[in-house]
Amino acid sequence: MIIQPKFRGFICTTAHPVGCEYNVKEQIEYVKSLEFSQGPKNVLVIGASTGYGLASRITAAFGYKAGTIGVFFEKQASAPKKTASAGWYNSAAFEKSAHAEGLYAKSVNGDAFSNEIKNQVAELIKKDLGKVDLVIYSLAAPRRVDPVTGEVYNSVLKPIGRDYASKTVDFHTGEVTDITIERAAGEEIKNTVAVMGGDDWKLWMETLKSQNLLADNVITLAYSYVGPELTHPIYRDGTIGKAKDDLEAAAGEITGSLKEIGGKAYVSINKAVVTQASSAIPVVPLYVSILFKVMKNKGIHEGCIEQMSRLLKNLYEGNLLLDDKGRIRIDDLEMRDDVQEEVSRAWNMVNSDNIKDISDLEGYRNEFFQLFGFSINGVDYEKDIEIEIGIPSIES
Ligand code: NAI
């Protein structure tokens with residue numbers, strides 16, 4: 001089939017398997033260009049198919065030669081014409097490359113919030129690895145079904161307390177418009193915390209601990225974001241920020257529960273990057289477009305793989321930057337005063353006429369297309385290709 005990108009808002013409903021494989025291989029090559037010393041041996045990544053989770057898995061496997069189990073919720077292709085999701089193709093490419101180098105890599109596709117998937121993963125660890133010494137929790141999900149009550153929680157991206165007026169961009173057209181986002185109402189804060197907070201991370205760690213699947217001195221990581229004041233009303237002070245507060249508080253509880261085996265839970269504050277999750281947040285794509293321009297001009301631009309390899313190297317090779325709340329900070333370059341001063345100046349001026357000059361909208365849009373395997377140099381998009389690609393460890 002010849003595959004074209006098809007958009008519905010900030011979602012692309014098609015994905016290109018060859019492009020996705022290129023993306024994964026490029027990240028692998030980047031990791032291989034770095035030097036790693038001692039690190040994790042058996043790693044579980046929850047949310048392993050795209051964005052920060054995929055980059056974490058690639059770093060663990062190709063940097064530290066770790067065996068990895070990846071958990072994700074992706075769609076396989078369906079005949080005759082529906083492509084798989086990008087995360088499916090990414091994971092197929094990842095496993096193929098890992099196996100070619102003799103690395104252990106298996107994947108579990110299903111709802112990570114469910115008891116069924118937790119138990120399936122526990123069985124797999126027991127059977128194949130014995131124990132894991134690093135657990136990475138990198139889920140970004142719009143909804144969660146409570147595994148005990150069956151209640152469905154939907155997360156929202158809204159300000160709290162008052163409506164929020166700001167600017168946003170349609171990154172397909174470059175049109176900058178004013179928007180007002182209504183404040184969260186009713187149970188929306190609580191529901192967002194239930195989806196994106198720390199509850200499910202704790203449940204994963206309890207499941208693994210109770211079945212004796214965590215190695216001594218195990219480390220577990222989850223990811224969060226702080227960002228500058230201009231995004232605070234929609235992010236850090238909004239519904240998602242409340243969920244992140246809850247996630248960050250869970251790190252302390254998990255560390256307490258891992259005391260006997262010397263385990264430690266950290267939240268890492270990562271920088272803003274283009275992923276499927278971040279492109280869904282109002283205001284953020286405009287901020288990220290401006291941020292990219294500033295960071296690229298200063299020669300300090302980073303994507304997921306640069307961030308994740310820096311994170312794991314700092315963690316295992318001893319250069320951990322912690323803030324006063326005990327969180328790892330690898331958003332240090334994004335948050336530098338000189339970077340944020342320039343972003344803020346551009347933010348105040350930006351409109352539909354000057355956006356192409358004062359932001360890297362083109363770079364943002366390209367990275368967005370690339371998430372789905374499009375806009376990649378070297379891929380022949382006119383070629384008729386097979387869309388039904390299997391993930392080696394998953395029987396379809
Ligand atoms: P993403 O959308 O690229 O990846 C989400 C992952 O979660 C995918 O592997 C997906 O398959 C998986 N997933 C979603 N629902 C699932 C379910 N029910 N069961 C199993 N797997 C499921 O997201 P991204 O941006 O990499 O986010 C990961 C974490 O990093 C999130 O906690 C996010 O808040 C955080 N973060 C993201 C930043 C950004 O700019 N993108 C910045 C700082 C932190």
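Helix 8 and helix 12 sit roughly perpendicular to each other, a label for angles of 65 to 115 degrees, with under 35 counted as roughly parallel, over 145 as roughly antiparallel and the rest as oblique. The axes of helix 8 (residues 284–297) and helix 12 (residues 361–371) come within 8 Å and cross at roughly 110°. Axes here are lines fitted to C-alpha atoms, for helices over the stretch in contact, and angles run from 0 to 180 degrees between N-to-C directions. The crossing of helix 8 and helix 12 is right-handed, that is, the near helix is turned clockwise from the far one by less than a right angle. On the helix 8 side, the contact (heavy atoms within 4.5 Å) uses Pro285, Val288, Ser289, Phe292 and Lys296, and helix 12 brings Leu361, Gly363, Tyr364 and Glu367. By type, those contact residues of helix 8 and helix 12 split into 5 nonpolar, 2 polar and 2 charged.

Before going on, some ground rules. This is a predicted model, where local features need pLDDT of at least 70 and side-chain atom pairs count only at pLDDT 80 or more, while totals for chains, interfaces and linings use all residues. Residues are numbered from 1 along each chain as its sequence is written, and side-chain values use heavy atoms, with hydrogens and water left out. Helices (H or I, at least four residues) and strands (E, at least two) are DSSP runs, numbered from the N terminus.

Back to helix 12: Leu361, Gly363, Tyr364, Arg365, Phe368, Phe369 and Leu371 are buried there, with buried meaning under 20% relative accessible area, exposed over 50% and partly exposed in between (1.4 Å probe, protein chains only). Among the elements covering these buried residues of helix 12 are helix 3, strand 9, helix 8 and helix 11 (355–358). Just past the end of helix 12, Gly373 adopts a positive phi of about 85°.

Helix 3 also packs elsewhere. The axes of helix 1 (residues 17–32) and helix 3 (residues 86–100) come within 8 Å and cross at roughly 50°, which makes helix 1 oblique to helix 3. This crossing of helix 1 and helix 3 is right-handed. The tally for the helix 1 and helix 3 contact is 8 nonpolar, 2 polar and 3 charged.

| Residue | Element | Relative accessibility |
|---|---|---|
| Thr168 | strand 9 (residues 164–170) | 15% |
| Gly241 | helix 7 (residues 239–257) | 0% |
| Val195 | helix 5 (residues 188–196) | 1% |

Thr168 has a polar side-chain atom 3.3 Å from the backbone nitrogen of Val283. Beyond four places in sequence, Thr168 is in contact with Glu175, Val176, Thr177, Ile179, Pro282, Val283 and Leu286.

Gly241 touches Tyr235 and Arg236, if you skip residues up to four places away in sequence. Gly241 and Val267 are 26 residues apart in sequence and 14 Å apart in space, C-alpha to C-alpha.

Val195, with residues up to four places away again left out, touches Phe113, Ala141, Pro142, Arg143, Arg144, Tyr153, Asn154 and Ser155. From Val195 to Thr83, 112 residues apart along the chain, the C-alpha separation is 28 Å.

Note on methods:
A polar contact is a pair of N or O atoms within 3.5 Å; within protein, one must be able to donate a hydrogen and the other to accept it, and residues adjacent in sequence count only if both atoms are side-chain atoms. Ala, Val, Leu, Ile, Met, Phe, Trp, Tyr, Cys and Pro count as nonpolar, Asp, Glu, Lys and Arg as charged, and the others, Gly among them, as polar.
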